Amino acid sequence: TTKVTGEIIHLIVSKYLLCFQSVFKECVLLQVFHDPIHGHMEFDPILVKIIDTPQFQRLRNLKQLGGVYFVYPGASHNRFEHSLGVAHLAGQLVQNLKEKQPELKIDDRDVRCVEIAGLCHDLGHGPFSHMFDGMFIPKARPDRQWKHEEASVKMFEHMVQKLKDNGFDLLSELKKLNETNVGDDLEFIKEMINGPEKGHYKGRPSNKSFLYEIISNKRNGLDVDKFDYFARDCHHLGIKNSFDHRRFLHFARVCDVDGQLQICTRDKELSNIYEMFHTRSCLHRKAYQHKTNKIIELMITEALLKADPILKISKKIDDMDQYCKLSDCIFEEILYSSRNDLKEAREILEKVVSRELYRYLGKTKKEEMPKVTEISAFDFGMKEKNPMENLHFYSKSDKTKAFKIPSAQVRT
């Protein structure tokens, strides 16, 4: 009897110790980052380990909006805080789906991978963000079809290897969360960053394909990357944001659409979705495609092109060790250089800082111009496609049935 009683007491004590350890872990090990957009953001130690790498810290020196900072003095935010925000929202969305729909069998390992993908999705951006891969590289390396997503994957691989060399094996840490989970975690993260190839998933099976819509949604463009930079850019630019991403996160639900699981939202959220596209259009017209911004980015691009034969800027995309050292600081490196072979590049940047900008002559249609200097494109984020055609909704009365809402039913 004494032996049985002792075993029972041991089991009870062990159970409470496990509960206490779980609570203690949550309270102590999560690191809090305070953000002006999302408030207090809590990150797991695995994410903090990534944040503290040189590859991620580099993002502190990459302006989120490139040349827009020369137009809007408040647009001084960087890719660093944006990436933290995307990881935070990705965690919120996937955690919400996990709690509300246990039948989806989302586990902690899935959650952590989605958060890491959100954290690392912009690792490959170059100086002045989209100016680098959209304007500079196509002219400096016309033979190279290169986008920052490709570099993000390579930088992620580079970072994972550096962590492993220093005694931290990311893959092993993820497997500790759930050893029975099916799929290649590192491949899953890379697929979420760059998009899976033609719908073929290597990182997770098809019954979890909806997870690929969280970071970079190729289906309809509604993803947490946009949710963060819309809110963040509007905040720093002083532009009103009429889209409430928190409502989308709250009402998001996975439904079966023609045999495939997709993230859907409530039918009453249609007007909120349209506000998102309105906000995007407003940001492009007032900031991203602002004529002075385009002039400044054109001038910076010309300066980098003149400096490229000397500084080998465009070659750095082939070497992640070198690319890791390339940031917006290249602007000051050229501007304050006394080298004679950088004289032409330096003079262009001196004109930028002294506001001796190229003249804006006006706008016209592309086909009416004998020579096009710069083209500004305005669309809904999927070029000629209408993203609303691939967006599905569910109703309060039936949360399992997904349907489309025709544009004609939208009241303006």
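**Helix packing and a lysine-bearing loop in the predicted model**

Of the 412 residues in the chain, 50% are buried. The model described here is predicted. Its secondary structure comprises 16 helices and five strands. Among the contacts in the chain with a separation of 6 or more, 70% are accounted for by residues 24 or more positions apart. The accessible surface of the chain comes to about 21,600 Å², and carbon and sulfur atoms contribute 51% of that area.

Two helix pairs were examined. Two packed helices are described by the angle between their axes and the distance between the axes. Helix α13, spanning residues 291–311, packs with helix α16, spanning residues 343–353, at an angle of about 160°; the two axes are 8 Å apart. Because angles over 145 degrees count as roughly antiparallel, α13 and α16 are assigned as roughly antiparallel to each other. Their crossing is left-handed. On the α13 side, the contact is formed by Ile296, Met299, Ile300, Glu302, Ala303, Lys306 and Ala307, while α16 supplies Glu344, Ala345, Ile348, Leu349, Lys351 and Val352. The residues of this contact between α13 and α16 comprise nine nonpolar and four charged, with no polar ones.

The second pair consists of helix α5 (residues 108–120) and helix α9 (residues 185–194), which pack at an angle of about 45° with their axes 9 Å apart. The helices α5 and α9 are therefore oblique to each other. The crossing of α5 with α9 is right-handed. The contact of α5 with α9 divides into nine nonpolar and three charged residues, and no polar residue is included.

The loop between α4 (79–100) and α5 contains Lys105. With a relative accessible area of 62%, Lys105 is classed as exposed, since the exposed class begins over 50%. When neighbours within four places in sequence are left aside, Lys105 is in contact with Asp110 and Lys208. Lys105 and Lys208 are separated by 103 residues in sequence, whereas their C-alpha atoms lie 8.7 Å apart in space.

Technical notes
Residues are numbered from 1 along each chain as its sequence is written. This is a predicted model: local features need pLDDT of at least 70, side-chain atom pairs count only at pLDDT 80 or more; totals for chains, interfaces and linings use all residues. Side-chain values use heavy atoms; hydrogens and water are left out. Axes are lines fitted to C-alpha atoms, for helices over the stretch in contact, and angles run from 0 to 180 degrees between N-to-C directions. Helices (H or I, at least four residues) and strands (E, at least two) are DSSP runs, numbered from the N terminus. Angles under 35 degrees count as roughly parallel, over 145 as roughly antiparallel, 65 to 115 as roughly perpendicular and the rest as oblique. A crossing is left-handed if the near helix is turned anticlockwise from the far one by less than a right angle, and right-handed if clockwise. Contact means heavy atoms within 4.5 Å. Ala, Val, Leu, Ile, Met, Phe, Trp, Tyr, Cys and Pro count as nonpolar, Asp, Glu, Lys and Arg as charged, and the others, Gly among them, as polar. Buried means under 20% relative accessible area, exposed over 50%, partly exposed in between (1.4 Å probe, protein chains only). Accessible areas come from the Shrake-Rupley method with a 1.4 Å probe; for residues, only the protein chains shown count as cover.
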